[in-house]
Every structure is written in C-alpha cells, then in structure tokens.
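Here are my notes for a colleague who is meeting this structure for the first time. Please read them with the sequence and the model side by side.

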Amino acid sequence: LLAQRLHHQKLIQPDLARPADVVAGLGAVQAQDFPAAKWALSMRVRGGLQDLDVEQAFNDGAILRTHVLRPTWHFVAPADIRWMLKLSAPRVHAISAYYYRQAGLDAKIFGRSCAMLQRALDGGKFLTRTELATHLKRAKVPADGLKLASIMMHAELEGIICSGPRRGKQFTYALLDERAPQKPAVFDREQSLAELASR
C-alpha cells in the first residue's frame with residue numbers, strides 16, 4: 001500500500017514535465033505553506049526542478065493559488081478552478097459562516113466588497129492584500145484583520161479573484177476571469193465528484 005501510494009502521488013519515478021502537470025494530475029495541492037508547496041511540486045517533476053522554476057509557473061499563472069476544497073489555500077490548474085469552486089464553495093462557506101458572523105460580515109457587505117475588488121483589479125491589475133484593503137476602506141467596507149481575510153476568501157470562493165504573480169515576497173491578487181480566461185471544463189455535480197475522486 002505504501003509503495004502504491006508513493007507511486008500514485010508521483011513520488012516514485014515521477015514522469016511529469018512541469019509544475020502545472022503535477023497540479024492538474026493531482027487535482028489540487030495544499031499550498032497554505034507556500035515554500036513547502038513549491039518543494040512538493042518540484043519533487044514530483046521528472047528530474048526535479050529549481051525553486052525558481054515553480055515560482056515562474058506560479059507568476060505566469062500556469063498554476064493558481066486560491067481557497068478551495070476547505071478554508072485553506074490550494075494550488076489548482078486554471079482549467080479546473082471553476083468546477084472545483086462550484087463543487088466545494090458552498091461547503092467551505094458553510095464551514096466559514098461562524099467566522100463571517102464573528103467578523104460582522106453579511107451578504108450586503110460581501111456584495112459591496114466583491115464589486116469593489118472587481119473594479120480595483122479590472123484591466124489586468126495585480127494588487128496586494130494591503131492595497132486592496134485601501135480600496136475597500138475607501139468604499140466604506142470594513143477591511144482589516146479577520147474581516148479582510150474573510151472578505152478575500154469569500155471573493156476567491158465566489159470565483160471573483162485568485163492569485164496574481166508575486167511582487168518580491170508579497171502575494172498579489174488578480175481577477176479570475178482575466179487570470180484564467182480559457183474555456184473551463186464543465187461538469188455536473190456527480191461528474192465533479194467523480195473527477196475529484198479520480199485525481
């Protein structure tokens with residue numbers, strides 16, 4: 001069983017060529033700890049990769065980082081992000097509802113925050129969380145601490161935003177429709193569950 005698991009996890013004789021192939025093959029890769037997540041991808045590519053190779057794939061948008069499957073970040077392939085969000089976002093929202101209430105966030109605030117994020121990032125802009133918080137505060141949306149974290153996660157789960165390229169050590173956000181404009185895979189719920197289980 002251990003050997004089978006290592007094989008299926010692409011840790012024995014990896015045969016994939018790029019970080020994007022690994023992410024697409026596994027469906028989603030835990031990426032809360034960004035350096036460790038990059039290392040996990042590089043281990044699964046034939047011949048291994050340098051850290052900069054994985055960083056470049058991330059910055060180019062070949063792999064995206066968003067909240068999906070649970071209230072934590074994962075790497076996801078651009079072609080898979082929408083059906084995965086459709087499948088898992090309702091459950092992640094339900095899990096997060098207590099934190100939304102604790103932060104004083106409701107549907108009205110989320111509606112205003114999503115609209116502001118859309119306007120701030122429109123046209124291919126990549127902005128940091130701090131920069132987006134400034135835009136939100138100008139729109140009279142409370143945006144600090146837990147409130148800001150919840151607003152950003154909510155917008156990711158709604159398919160409004162996802163990761164942009166890093167700016168130095170800082171993460172940026174981008175509009176999902178601009179970062180992953182290609183036609184996504186379309187699955188119904190049963191097909192999505194089967195696809196996720198298969199990956």
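This is a predicted model: local features need pLDDT of at least 70, side-chain atom pairs count only at pLDDT 80 or more; totals for chains, interfaces and linings use all residues.

1. Residues are numbered from 1 along each chain as its sequence is written, and side-chain values use heavy atoms, with hydrogens and water left out.

2. Helices here are DSSP runs of H or I with at least four residues, and strands are runs of E with at least two, numbered from the N terminus.

3. Helix α5 covers residues 81–102 and bends by about 50° at S96, the bend being the angle between axes fitted to the seven residues ending there and the seven starting there. After α5 comes G104, which has a positive phi, near 75°.

4. Helix α6 (residues 107–121) packs against helix α7 (residues 129–138) at an angle of about 120°, their axes lying 10 Å apart. The contact (heavy atoms within 4.5 Å) involves S113, M116, L117, A120 and L121 of α6, together with L132, H135 and L136 of α7.

5. An open sheet is formed by 3 strands in the order β4-β6-β5, with antiparallel pairing; strands pair if DSSP finds at least two bridges between them. The edge strands, each pairing on one side only, are β4 (127–128) and β5 (161–163). Between β4 and β6 (residues 172–175) there are 2 bridges, and L127 has Y173 of β6 as its bridge partner.

Methods:
Axes are lines fitted to C-alpha atoms, for helices over the stretch in contact, and angles run from 0 to 180 degrees between N-to-C directions.
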